Amino acid sequence: MAAPEFHDRLLSLGLARVSEAAAIACAPLVGRGDEKAADQAAVDAMRRELNKLDIQGVVVIGEGERDEAPMLYIGEEVGTGQGPAVDIALDPLEGTTLTARDMPNALAVIAMGPRGTMLHAPDTYMEKLAIGPGFRRGVVTLDMTPAERVSALASAKGCSTNDITVCVLDRERHERMIAEIRSTGASIRFITDGDVAGVMHCAEPARTGIDMYMGSGGAPEGVLAAAALKCMGGQIFGRLLFRNDGERDRAAKAGITNLDRVYTRDDMVTGDVIFAATGVTDGSLLPGVRSDPESVTVETVLMRSKTGSVRRMTYTNPRQPSGR
């Protein structure tokens, strides 16, 4: 009997329900200062909804190794066990600190593709560079200096470097890069957390005002960002960064032999993918969860790489009267 096909259109609405459930579950903890509780609420809700889907799912990008994460760990099997075999990359709460402090751009994020199509990125850092759609491949590269990247993108856009805005994760390790970017006259939009959203900003510069993402962050988030750009258009390049032999061992266990390889978007996500993100806190990509005594409302962006479709959906769920 032939294996069930990956019907991305049929699965996409179910994937949106998964991210919506995670966002709604952690919304009561926005601004409460408890990152772990917010993350756990999102994890629990996302897992419950995933297990309702008719898939044979394996988490390839998740909440860490099995002994580090009680749920949605790398390698965990999810779904009913019926339907297509799929890889799942997820971050139930991308921006735990953002949520705990009620800061912009916290998201519940998940991507799904056929089994074997997503890079099993180890939990290490990754040097990342991303731009939006409409540019020839190689207009910017990781081998360029930060200033060269800004100049090359400005030339491709036909504008001054002063008109370029770069999104950068606000970390001490980026100080030299920041100084070099500013030496070109480009502006910088800092984010404190959530570099999946940071990369996604590049794909919609007219909406977000951001032209490029640059800097190092988590490698698993790099795969999620690549899944988003696979749907939205744009380029992302990533190179794994290792701080010790333990991290190199993690890469080896994930099947990675070339530790210096530069991964493109299509290296990290090799097949068709569906991607859903739901806003938890207000941001430039999506509004956050809205609650009142009668209902809770969320907004989700749902995308399919096969068609390039990008849907923005508003979901309002009436609250059930007490006692029912």
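This is a predicted model: local features need pLDDT of at least 70, side-chain atom pairs count only at pLDDT 80 or more; totals for chains, interfaces and linings use all residues.
Residues are numbered from 1 along each chain as its sequence is written, and side-chain values use heavy atoms, with hydrogens and water left out.

Let's begin with helices. Helices (H or I, at least four residues) and strands (E, at least two) are DSSP runs, numbered from the N terminus. Helix H1, residues 8–26, packs on helix H2, residues 35–50, at about 150 degrees, and their axes are 8 Å apart. Axes here are lines fitted to C-alpha atoms, for helices over the stretch in contact, with angles from 0 to 180 degrees between N-to-C directions. So H1 is roughly antiparallel to H2; the cut-offs are under 35 degrees for roughly parallel, over 145 for roughly antiparallel, 65 to 115 for roughly perpendicular, and oblique for the rest.

Who touches whom? On the H1 side, the contact (heavy atoms within 4.5 Å) includes Arg17, Val18 and Ser19, and on the H2 side it includes Ala38, Ala41 and Glu49. Sorted by type, the residues of this contact are eleven nonpolar, one polar and two charged. Nonpolar covers Ala, Val, Leu, Ile, Met, Phe, Trp, Tyr, Cys and Pro, charged covers Asp, Glu, Lys and Arg, and the others, Gly among them, are polar.

Now the second pair. H6 (residues 195–203) and H8 (residues 219–232) pack at about 25 degrees, axes 9 Å apart, so this pair is roughly parallel. Their contact has nine nonpolar residues, no polar ones and two charged.

On to salt bridges, meaning a side-chain nitrogen of Lys or Arg within 4 Å of a carboxyl oxygen of Asp or Glu. How many turn up in the whole structure? The search finds 20.

Last one: Arg239 and Glu127 form a salt bridge at 3.3 Å, N to O. Arg239 sits in strand E9 and Glu127 in strand E5, so the pair ties together parts 112 residues apart in sequence.
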